[in-house]
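Subject: Structure for you to look at

Hello,

The structure I promised is below, and my notes on it follow. Please keep the model open while you read.

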Amino acid sequence: MNNCFFQQLFKVPVLIQHYTEHQQKYQLDFVDFLTMHYWGHDLDDDDDDRDMQLPFKQVDYGAAHTIYIPVKSFSLNCFVPDIPGCKANGRNKLYPDPNPGELFRPPMA
């Protein structure tokens, strides 16, 4: 799941606050405010630092790391059938299942 979208949603109060600032100065409605900051040319009002705090104006990189440590180890034994004319060097022996009570068990031949 991408956490970047949720981080941007936390910036919505900054959007509302910045809109009220522009509404007091320039008497803009909300659609004109969005058009100016996201789809059009911004006014030269020296608030570029404030504009960059708005949601979805810049990408915040973040990463989540998951570490998986297995509790029990298991081995997967393969069965190599006898093929006429090919020597398997003793690899065609069946080995007993090391974990007979485990949920994951490979199919038995």
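Helix α2 covers residues 12–26, and its 15 residues reach 21 Å from the first C-alpha to the last. That is close to the 21 Å expected at 1.5 Å a residue, where the expected span is 1.5 Å times one less than the number of residues. Helices here are DSSP runs of H or I with at least four residues, strands are runs of E with at least two, and both are numbered from the N terminus.

This is a predicted model, in which local features need pLDDT of at least 70 and side-chain atom pairs count only at pLDDT 80 or more, while totals for chains, interfaces and linings use all residues. Residues are numbered from 1 along each chain as its sequence is written, and side-chain values use heavy atoms, with hydrogens and water left out.

The pLDDT is the predictor's confidence in each residue, from 0 to 100. The protein averages 75, and 64% of the residues score at least 70. Confidence is lowest in helix α1 (residues 4–9), with a mean of 78, and highest in α2, at 90. Where pLDDT is low, the predicted coordinates should not be read in detail.

The protein has 4 helices and 0 strands. Of its 109 residues, 16% count as buried; buried means under 20% relative accessible area, exposed over 50%, and partly exposed in between (1.4 Å probe, protein chains only).

Which residues of α2 are buried? They are Leu 15, His 18, Tyr 19 and His 22. Seen down the axis of α2, the buried residues fall within an arc of 110°, so they line one face of the helix. The arc is that of the directions from the helix axis to the C-beta atoms. An α-helix has 3.6 residues a turn, so residues three or four places apart point the same way. The face of α2 turned away from the buried side carries the exposed residues Pro 13 and Gln 24. The buried residues of α2 pack against α3 (30–39) and α4 (48–51).

His 22 has a relative accessible area of 2%. Leaving aside neighbours within four places in sequence, His 22 is in contact (heavy atoms within 4.5 Å) with several residues, including Leu 28, Phe 33, Met 36 and Asp 51. The side chain of His 22 also makes a polar contact with the side chain of Asp 47, at 3.2 Å. A polar contact is a pair of N or O atoms within 3.5 Å; within protein, one must be able to donate a hydrogen and the other to accept it, and residues adjacent in sequence count only if both atoms are side-chain atoms.

The largest nonpolar core has 7 residues: Leu 15, Tyr 19, Leu 28, Phe 33, Leu 34, Met 36 and Leu 54. Its largest share, 3 residues, comes from α3. Such a core is a set of buried Ala, Val, Leu, Ile, Met, Phe, Trp, Tyr and Cys residues joined through side-chain atoms within 4.5 Å.

Two backbone angles remain. Gln 27, in the loop between α2 and α3, has a positive phi near 55° and is exposed at 65% relative accessibility. Phe 56, in the segment after α4, has a positive phi near 65° and is partly exposed, with a relative accessible area of 48%. Most residues other than glycine have a negative phi.

Regards
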